[in-house]
Amino acid sequence: MTETTSHPTEVDPVARELLQSVVDTARAIFGAEASSIFLLDEKADELVFQAVSGQGEEFLVGTRFPAGRGIAGWVASTGEPMVVDDLSQNGSFARDLAESTKYVPDSLMAAPLLHSSGVLLGVLEVLDPSPQARSSLSELDLLSLFARQAATALRAVLDRRALRGTEVPAAALVLDGLDPADRAAGLRALDAVRDLLLAP
Amino acid sequence: MTTPTAPAPGAALSWSLRGHSPGDIPIVADGQEITPDWAWGGSTGRGVRVCVVDSGVERDHPLVGQVDGSYVVIKDDAGIRIEPTETGDTCGHGTACAGIIRRTAPDCELYSVRVLGERFAGTGDVLLAGLRWAVEQRFDVINLSLSTTRPQFTDALRALADEAFFGRSVIVASAHNTPVESFPWRYSSVISVGSHQEDDPELYLYNPKPPVEFFAPGQNVTVPWLGGNTIRTTGNSFATPYMAGLAARVLAKYPKMTTFQLKSVLYQAASNVSVSNRGAE
C-alpha cells in the first residue's frame, strides 16, 4: 500500500461534502467506529481513500492500495457486499490493515458504489459497527440500500462534473479568440449559462 | 403453499429467505421419497473433484487441508490464459468457500482457480475464462460464489452452463446478495443458492419461488480466512459451498448420477419438501 498526496480521482467541493456526509451518516446508522469511501482509480488499478469519518480521518484521505486485493478489492471486483466479524483474531488481515490505516477493526462491512450501468465508482466501508449491527442478512441489506443511495448521489455529482468538463473545451476555443475584456464578459456569460443548465 | 404475510415494501425481490421460517414454505412433491440418509448418508465426498472459482485458496489452512491444484487466470496484452500458481488467496473469500466444502465433504479433492486479485477484475471476462477452464477440466462440482451483472457475458455463460450440465460438471452458483439480475446463477442448468436465517448449519431448503432454487446457511457463518484463522461472515457466498459439499457427497455415493438427477435428489431431500403418496393410489 502506498501513500500519496495527489488526487487523480479529483473531487470538487460539492463531491467532497457529499462523500463526507455519506461516511458520517453510515457511521451513525451502524453506530460504527469509522466509515470510509474508496474511489476506483482504474488507470492506476488502485482504490483511493476519498472520505473518512472517525478513526483515520486526519491522515487516510489520499491513501491508495491495489484495487483487486483484500475485502474492499473483492467487493470492488464482484459488486457484492460483504460483512465480516472477528477480524482482530486474524493475524495477516490485522497486520495488512494496521500498516495502512493504523487501526485494526474487529468487524468490517463493505458495499460497492455502483453506477446504474454497472460500472464501479468505489466502495463504502463501515468499521466496527455496534454489536447489534453485525453479521446478519438484514444488516447486509441495510448497508446495500444505503450504498445504493450514496452511489446515486455520487453519480449525480460526477455526471455534473463530466458535463462541465465537456463544455469548457468547446467554449475555450471561442473565448481564446477574444480580447481580455470580451473574454471576461464571455466567461461571466458562460457561468450564467452553466448555472442555468445545472439548476435543479 | 401460502405466504402468511406480505413482504415488506422493497423486500419483494430477494434472493434469500428473509423474515420467513422453513415452516412458511412447505412443498409437497411427487415422486419417490428420498431421505438425506439415502442421498449422502455415510459419504464423505471421497474421490469427487471440487473446484472453487474465486479469490484463490490459502495453502495449508488447517480447516481447508490439502489443495490438490491451484491455478490462476492471467489477463495481459497477450490475452487470457490459465496457469498453475503458488499464490494463495488474495482476499480470504475463496478460502472461506473451500473450508465450508471441506467441512461438508471432508474427503473430496479440492482445486482452486483464482479469477480475482490480479488486476481489478470488474469486467467478467476473467470470471468467464476461469469457469470455462473448470468446465473443460470436467470437475465434478464447481463452486461459484460469484456472478456478473454484465449483459455481454450472459449468452456465453448460458452456453457454458449448458455444456457443464450435459458434461456432468455441476455448477453450484450463488445468487447475488442484493436484488439485482446477475449470472450464471439465474440459469436452470446450475444449482443456485441463497441464504436462510436459521441457525442450523445443516439445514437447507428448496425455494418454491425460484429463480433461486436452494436456501442454505448463510448468516453469521464461521469460516476459515487468511493466516490460518477464522472469521464470521454473512452472505449467499457461504451458503453456496454447503450445497457444493452436499453435491460432492451425493456424487461420491452415486458416481453415475447426472446433473439433473443430482438436482432432483437435492430437491426431494430438502427439509421443507415432503413426498405425496397420491400417485401410488
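The model is predicted, so local features need pLDDT of at least 70, side-chain atom pairs count only at pLDDT 80 or more, and totals for chains, interfaces and linings use all residues. Residues are numbered from 1 along each chain as its sequence is written, chains are lettered from A in the order in which they are written, and side-chain values use heavy atoms, with hydrogens and water left out.

Chain A contains five helices and six strands, where helices (H or I, at least four residues) and strands (E, at least two) are DSSP runs numbered from the N terminus. Read from that end, its elements follow the order α-β-β-β-α-β-α-β-β-α-α. Of the 200 residues in chain A, 50% are buried, a term that stands for under 20% relative accessible area, with exposed being over 50% and partly exposed in between (1.4 Å probe, protein chains only). Among contacts in chain A with a separation of 6 or more, 54% come from residues 24 or more positions apart; a contact here means heavy atoms within 4.5 Å.

Strand 5 of chain A (residues 108–114) is largely enclosed by the rest of the structure, because six of its seven residues are buried. Two strands are said to pair if DSSP finds at least two bridges between them. On one hand, strand 5 of chain A is joined by three bridges to strand 4 of chain A (residues 82–85), and the two run antiparallel. On the other, seven bridges link strand 5 of chain A to strand 6 of chain A (residues 120–127), again antiparallel, with Ala111(A) opposite Leu124(A). Strands 5 and 6 of chain A form a hairpin with five residues between them, and Gly118(A) in the turn has a positive phi of about 95°.

Strand 4 of chain A also reaches across to the other chain: it pairs with strand 12 of chain B (residues 230–234) in the antiparallel sense over three bridges. Within this pairing, Asp85(A) has Arg232(B) as its bridge partner. The side chain of Arg232(B) meets that of Asp86(A) in a salt bridge (2.9 Å, N to O), defined as a side-chain nitrogen of Lys or Arg within 4 Å of a carboxyl oxygen of Asp or Glu. Three salt bridges are found across the interface of chain A and chain B.

The contact as a whole draws 36 residues from chain A and 38 residues from chain B. About 2,900 Å² is buried between the two chains, 50% of it from carbon and sulfur atoms; this buried area is the accessible area (1.4 Å probe) that two parts lose on being put together, summed over both. In chain A, the residues that lose the most area to chain B are Trp74(A), Glu80(A) and Leu137(A), together 23% of what that side buries.

Chain B has a sheet of its own. Nine strands form an open sheet with mixed pairing, in the order 4-3-5-2-6-7-8-10-9. Strand 4 (79–84) and strand 9 (205–206) of chain B stand at the edges with a single partner strand each, so one side of each is left without a neighbour in the sheet. Strand 6 (residues 141–144) and strand 7 (residues 170–174) of chain B run parallel and are joined by four bridges; here Asn143(B) has Val172(B) as its bridge partner.
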